[in-house]
Amino acid sequence: MSGKTPDSSQLVKGKSGLWEVVIGLEVHAQVISDSKLFSGAATAFGAEPNAQVSLVDAAMPGMLPVLNKVAVEQAVKTGLGLNAKINLHSVFERKNYFYADLPQGYQISQYLQPIVGEGQVTLDLPDREEPSVIGIERLHLEQDAGKSVHDQHPTQSYIDLNRSGVILMEIVSKPDMRSGEEAAAYLRKLRSILRYLGTCDGNMEQGSMRADVNLSVRRPGEELGTRTETKNLNSIRFVQQAIEAETKRQIAVLEKGGSIAQETRLFDGATGKSRSMRTKEEAHDYRYFPDPDLLPLNLEQAWVDEVQAALPELPDAKKKRFEADFGLSAYNASVLVSEKEISEFFEKMMSELKPQTGVPLNQIAIKSGNWVTGELFGALNKNGLGISESPISEERLAGLIKLELDGTLSGRIAKDVFFAMWDSGKSAEEIVEEKGLKQISDSGAIEAIVDDIIAGNAGQVEQYRSGNEKVLGWFVGQVMKATKGQANPGVVNQILRTKLNG
């Protein structure tokens, strides 16, 4: 029974009352390595079918597995990044089942003694005051199976063994999640940690990260219900959709007096529905036993300590530093460290902007963060680009922000310049010079315009002096219109108040 106290906002309303959803995820993450778990065959994505298959991968008689040291180091790195216990003694076992694309008739995996034990992942959710902590049950190494191809011939299926033997880390969470949103946040955070560590690229579309959803429903506080497992979800969106669909299905079954079968299900992203695949296997169905061809894996603590000392700064530590050094809120900092490339982009911008005189560092950081998560993210998403593909570099975006900070550009015009930079590839300075966009801060020039507008709008002046403060905004708009948006808003407001109150 999961001891996590449910958040009332996450309870699901059924026809007969409230239900609690209990979710655990099993994530299969492909390890970044040039060769497979037990052979020297290549692992590059997109190779011709069966072009990356050794005699070991094809299970030819007499072939013996040889453990890849890189796989062990990557698993230990990941365990340390998940604040998990590293087991100095672990054992590889045979998991017996029979598929056409599993030439051995078994998968070499770990079961009773995995390489990584319990850990945790901390989530910062926008609607929560306190972080949500998701427990990690275990991480174990295993080899992937091959792939059955059913759409290349009208009556036959083909087998591609390129993935056979590819290194997987199976990361099993505790049943600590209570909604699709929380599960999505967990997957994003887990993928972020893996990418920071360089242990998995997290590319779900290419299959290098896949998730299985274990889900049951119960009345709040009661014993755990019967769970189902929805297999091989290859996008965070599908994970959320599968959770929503399976939650509705289980509640509907139970409210009609039925019972939930413990089974494995498949989710169809096109229809938004799942279907039963097979009865859920138990561990004894796989007849696990230690692989006789592989010795137990024994690690030295000194080596684990060396791996830990070489770890990069991870998202949680970077988030705390961004809060402390730049005065960012917890949520804004968490967004800026959500991907390694985003945090690097932001830090390079800040290194360009730190010398800016007369502006407090936290104001620079907040404005810079808003530019990254606002206009830049919006433009990247619209064009289907990652931040590493941005046509506006860190230095050039910093140059634009400098012009806004020093009063050369108003906020509105700065946004226009940003989109001109995106389309043209030019710097902010070049665009401002070409289009004559410098902000007017000369009080004498602005005062003359204000005098003309006040003189021509006696009715609005009377409304303001009668106590209608909202009219001030109308006057500001007239001044900005007259100056084509280039007047300094602060100077405009100051002059208008002086003139109208005089």
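## Report on a predicted protein chain

At a relative accessibility of 29%, Ala59 counts as partly exposed, a class that lies between buried (under 20% relative accessible area) and exposed (over 50%), as found with a 1.4 Å probe and protein chains only. The model is predicted, so local features need pLDDT of at least 70 and side-chain atom pairs count only at pLDDT 80 or more, while totals for chains, interfaces and linings use all residues. Residues are numbered from 1 along each chain as its sequence is written, and side-chain values use heavy atoms, with hydrogens and water left out.

Ala59 is placed in the loop between β2 (17-30) and α1 (69-81). Helices (H or I, at least four residues) and strands (E, at least two) are DSSP runs, numbered from the N terminus. Most residues other than glycine have a negative phi. Ala59, however, has a positive phi near 60°. Asn232, in strand β12 (residues 228-233), also has a positive phi, near 55°.

| Residue | Phi | Relative accessibility |
|---|---|---|
| Ala59 | near 60° | 29%, partly exposed |
| Asn232 | near 55° | 44%, partly exposed |

**The chain as a whole**

The protein chain contains 15 helices and 16 strands. Its radius of gyration is 29 Å, whereas a compact globule of 502 residues would have a value near 23 Å; the radius is taken over C-alpha atoms, and the globule rule is 2.2 Å times the number of residues to the power 0.38. The C-alpha trace spans about 95 × 55 × 55 Å along its principal axes. Of the 502 residues, 48% are buried. Among contacts with a separation of 6 or more, 69% join residues 24 or more positions apart, a contact being heavy atoms within 4.5 Å.

**Helix α2**

Helix α2 (residues 180-197) has 18 residues and reaches 26 Å from its first C-alpha to its last, close to the expected 26 Å at 1.5 Å a residue; the expected span is 1.5 Å times one less than the number of residues. Because 15 of its 18 residues are buried, α2 is largely enclosed by the rest of the structure. Just after α2, Gly198 takes a positive phi of about 75°.

**An exposed loop residue**

Lys470 lies in the loop between α13 (458-465) and α14 (471-482). With a relative accessible area of 75%, Lys470 is exposed. Lys470 and Pro114 are 356 residues apart in sequence, and their C-alpha atoms are 67 Å apart in space.
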